[in-house]
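Have the sequence and the 3D view open as you read.

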There are 2 protein chains.
Amino acid sequence: MNGAESLVRTLVVNGVEVCFTNPGTSEMHFVAALDRVPGMRCILGMFEGVVTGAADGYYRMAGKPACTLLHLGPGLGNGLANLHNAKKAGSGIVNIVGEHATYHLKYDAPLTADIEGIARPVSHWVKTAANARTLAGDCAAAIRAAGVAPGQIATLIAPADTAWGEAQSPVEAEPALPRRKVSADAVAEAARALTSGEPAMLMLGGAALRGRALENAGRIAARTGCRLMAEYNNSRMECGAGRVRIDRLPYVVDNALAAMKGTRRLVLAGAKPPVTFFAYPGKPSVIVPEECAATTLAGVADDLDGALDALAAELGATRTPPAPIAELKRPALPAGAVTHDGIAAVLAALLPENAVVADESITSGRNLGASMASAAPHDWMQIRGGSIGWALPAAAGAAIAAPGRKIVALEGDGSGMYTLQALWTMARADLDVTVVLFANRSYQILHGELKNMGAGTPGQRAQDMLTLDRPFLDWTALARGQGVEAGRAETLEAFAAELKRAFSRRGPYLVELII
Amino acid sequence: MNGAESLVRTLVVNGVEVCFTNPGTSEMHFVAALDRVPGMRCILGMFEGVVTGAADGYYRMAGKPACTLLHLGPGLGNGLANLHNAKKAGSGIVNIVGEHATYHLKYDAPLTADIEGIARPVSHWVKTAANARTLAGDCAAAIRAAGVAPGQIATLIAPADTAWGEAQSPVEAEPALPRRKVSADAVAEAARALTSGEPAMLMLGGAALRGRALENAGRIAARTGCRLMAEYNNSRMECGAGRVRIDRLPYVVDNALAAMKGTRRLVLAGAKPPVTFFAYPGKPSVIVPEECAATTLAGVADDLDGALDALAAELGATRTPPAPIAELKRPALPAGAVTHDGIAAVLAALLPENAVVADESITSGRNLGASMASAAPHDWMQIRGGSIGWALPAAAGAAIAAPGRKIVALEGDGSGMYTLQALWTMARADLDVTVVLFANRSYQILHGELKNMGAGTPGQRAQDMLTLDRPFLDWTALARGQGVEAGRAETLEAFAAELKRAFSRRGPYLVELII
């Protein structure tokens with residue numbers, strides 16, 4: 001077999017079974033090998049931001065890496081922003097990046113670029129394969145690197161002659177390192193903080209927002225009276241009726257400070273000490289109150305399940321019923337003008353059981369918290385790295401990872417335009433994704449940010465940098481132009497009708513909600 | 001004034017008068033400063049690939065840099081592919097990239113990234129500003145770096161506190177270094193090569209494809225009988241009736257080898273020794289025949305006008321009438337099924353005088369050469385770095401740089417999808433761009449490449465990675481959804497009718513040509 005086939009077989013043997021790709025000439029032998037080797041599902045994206053964002057969404061739901069196949073430095077470059085988001089989310093991805101044949105590099109052909117240099121800022125692991133014989137071993141190392149908890153970006157650069165040269169068998173990856181167990185001291189210190197008698201908060205992140213860890217957090221809260229909180233954006237949190245209810249720290253600095261106010265003991269489990277998204281003149285960067293002592297029970301890469309088991313045991317809460325548990329409230333469907341609260345009510349009322357929500361709703365979704373808690377149980381994923389253009393690709397990837405579940409992408413118009421090509425992938429692969437496109441015809445967040453920055457009142461030229469009017473986008477046309485059915489809503493009752501329509505069918509559908 | 005204002009004033013004082021941008025929170029003080037300082041035209045792109053590609057197109061037509069204003073590492077990352085193209089084109093661009101306030105970086109907020117690391121592979125010059133007082137000086141240095149011949153990418157990273165901190169006056173940039181004069185020896189050697197009596201070729205690139213240099217190349221060809229050739233892709237060539245006619249080296253290796261066959265003396269003026277775009281098993285990387293001796297008259301950064309003046313003088317060709325001169329032939333408009341020759345004939349017949357053509361037509365445009373030569377005089381720009389998604393943004397930038405000229409973007413459907421957001425910018429800024437969208441519903445080039453790579457006959461899975469069917473894109477919907485009028489043609493007569501319609505009006509229009 002050639003190197004390309006040894007690589008694809010190595011991926012499949014090690015459980016990597018989805019390839020998100022936009023290949024080019026230098027990847028043609030890999031494409032041919034994907035053809036010959038059974039067990040790999042290939043998903044084409046018309047832009048690499050779709051490819052890498054889908055791989056992020058896939059990992060969050062599948063819990064194991066997909067691979068990407070990208071075309072040289074610029075192809076990787078196009079995927080950089082969503083690799084940034086994936087890296088911040090702790091998502092594991094194996095990037096296979098084609099490269100010129102080793103002997104061709106010295107000629108500086110047009111597509112020649114410093115691929116390792118482009119890869120490094122968004123990768124935990126980078127290697128350029130030396131030859132066809134060692135390519136499979138390099139791939140196995142990349143797979144292992146991608147699996148390091150909570151998930152890492154591994155980028156393997158494969159020159160074309162490593163693909164077409166003669167190679168040997170596929171290589172089995174070394175088993176993943178287990179997550180680090182937390183020390184008894186850390187558990188004891190966390191327990192002391194939560195039982196000090198002072199107002200305490202347990203802040204959860206990463207895998208602590210799901211399953212047994214989340215349930216234990218509820219037991220601990222019930223036992224100690226501590227508050228539970230999540231970071232503003234999270235990789236994947238279990239949410240909705242029947243689950244332990246977790247508030248998210250607000251985005252706006254003053255609101256975040258208010259939410260933390262009075263907290264004297266902060267225990268971190270998978271979360272970092274909270275900081276503001278940006279620096280604002282005259283405001284603090286760190287959101288932890290000055291008089292609050294923080295202690296880390298477990299980092300995001302640690303054994304969070306074990307840590308919360310141990311903490312619950314230490315606190316004698318193993319059998320304490322978790323609280324607060326969110327209750328199902330299907331609010332009456334509101335009507336009339338579109339408001340943020342109205343949007344939240346419609347979503348909460350109609351969200352299908354077991355849905356997966358990819359949320360990049362930015363300003364339009366700021367009021368979602370309370371209603372998501374009372375909606376049917378679901379997984380809620382948010383953009384972790386702050387680089388917009390994530391939700392549509394991530395929704396596509398989640399749909400591949402979680403067949404049988406309804407995927408709901410909550411997307412702003414400004415963000416959606418970054419990677420709107422994801423709609424075509426949804427149509428091509430017939431993915432069960434409902435896109436709610438919040439059309440406020442503006443980078444709405446920036447109006448607030450300009451003010452918060454103390455940059456003054458915007459004049460016409462500044463306004464023109466923040467608005468998406470003149471002309472308005474027609475998202476139903478942008479969706480239909482890519483083979484995705486779509487409808488528009490300008491009232492809450494129309495929004496509800498559109499959502500019902502989307503949720504009652506299988507396959508992609510876009511609802512443009514004019515705000 | 002604050003740092004942001006000192007930076008914007010420095011840009012304007014030094015002749016940088018267009019800012020292509022997609023700003024975010026960390027750039028809000030720059031946005032506010034753009035508002036206050038007269039003399040800067042701001043163009044919003046809904047994706048940074050539009051922003052950087054427009055800056056490339058602008059430079060090619062304006063001959064001086066625009067600036068970009070980008071949002072941190074991911075915003076720069078989104079612009080990477082078209083910065084790669086711009087770098088390979090020798091286009092000068094001043095990137096201003098926002099960054100977290102210096103004191104905020106240590107908190108590793110979501111958007112924190114290694115911006116210098118992301119910038120370096122696509123930049124000739126990278127600097128992070130240290131404080132508000134030195135920001136204007138850093139900007140002046142960036143402007144100077146961008147102006148180094150033939151044009152460079154200069155990336156200035158500006159932390160938010162350098163924008164809002166107190167600063168002084170704007171700074172005048174040091175004058176640009178003049179282009180290097182070529183030596184008398186190089187001129188003499190080139191003259192000897194062209195008069196050796198052996199078959200000789202003068203290969204032109206960069207600024208040698210325009211104006212006086214191109215005319216001198218014609219004189220030299222007429223005097224010595226040498227062939228004239230351009231590289232496959234060029235930054236900007238003057239073409240059409242009345243101009244010295246230059247063939248382009250073909251893309252396909254065998255055709256390129258055939259075009260070079262028999263050449264014994266190769267003189268390079270602004271071009272590099274030609275190499276293949278990719279390596280193919282069993283084919284050479286270098287297209288220069290083995291028995292051919294190459295000599296460099298001048299590099300792309302050298303004084304090409306002076307070099308060709310000197311060579312014409314050395315050869316006694318100063319008054320020789322240039323040849324071959326292309327003649328205007330407006331072919332009869334063909335009808336019937338769409339063919340590559342038919343496309344070329346329609347374009348040649350209808351191309352408006354003095355048009356600027358941004359050509360990323362890939363396979364659909366391979367037959368354009370002969371017809372472009374006989375069309376009305378125009379400028380013809382091609383994608384230099386091979387990273388697709390260039391033509392629509394470049395056309396937008398060219399339209400800003402060359403008001404009063406009709407811009408014609410020749411774009412493939414696969415390439416167009418990379419940066420289709422450029423259509424919105426065309427509508428917003430009411431740019432006079434006609435987009436010809438070649439819809440072959442395929443990455444057509446890759447079918448040939450798969451074969452040339454010897455990767456075998458593609459099966460269904462490989463085919464699925466190369467085709468853009470299921471569903472078809474509807475480009476008229478994608479254009480109208482962004483406020484650009486559009487029409488579709490499925491025959492050559494319909495294509496001609498649509499082109500006439502587009503060319504007879506001002507403002508953006510998209511013609512989708514089904515192939």
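How many bridges join strand β1 of chain A to strand β2 of chain A, and do these strands run parallel or antiparallel? Keep in mind that this is a predicted model. The strands, β1 at residues 18-21 and β2 at residues 41-44, run parallel and are joined by 4 bridges. Now follow the chain between the two strands: helix α2 of chain A covers residues 28-36, and together with β1(A) and β2(A) it makes a β-α-β unit that is right-handed.

Zoom out a bit. Chain A splits into three pieces: domain 1 spans 3-164, domain 2 spans 184-314 and domain 3 spans 340-514. Between domain 1 of chain A and domain 2 of chain A, the C-alpha centres are 35 Å apart. Where the two meet, 5 residues of domain 1 of chain A are in contact with 6 residues of domain 2 of chain A. On the domain 1 side of that meeting, you'll find 3 nonpolar residues, 1 polar and 1 charged.

And the chain as a whole? Chain A has 21 helices and 18 strands. Along the principal axes, its C-alpha trace spans about 65 × 60 × 45 Å. As for burial, 65% of the 515 residues count as buried. Finally, look at the contacts in chain A between residues at least 6 apart in sequence: 81% of them join residues at least 24 apart.

Technical notes:
Residues numbered from 1 in each chain as written. Chains lettered and ligands numbered in written order. Predicted model: local features only at pLDDT ≥ 70, side-chain atom pairs only at ≥ 80, totals over all residues. Domains from an automatic or database assignment. Contact = placed C-beta atoms within 7 Å. Nonpolar A, V, L, I, M, F, W, Y, C, P; charged D, E, K, R; others polar. Pairing = 2+ DSSP bridges. Right-handed = clockwise from strand over helix to strand, strands pointing away. Buried ≥ 20, exposed ≤ 12 C-beta atoms within 10 Å, placed from the backbone.
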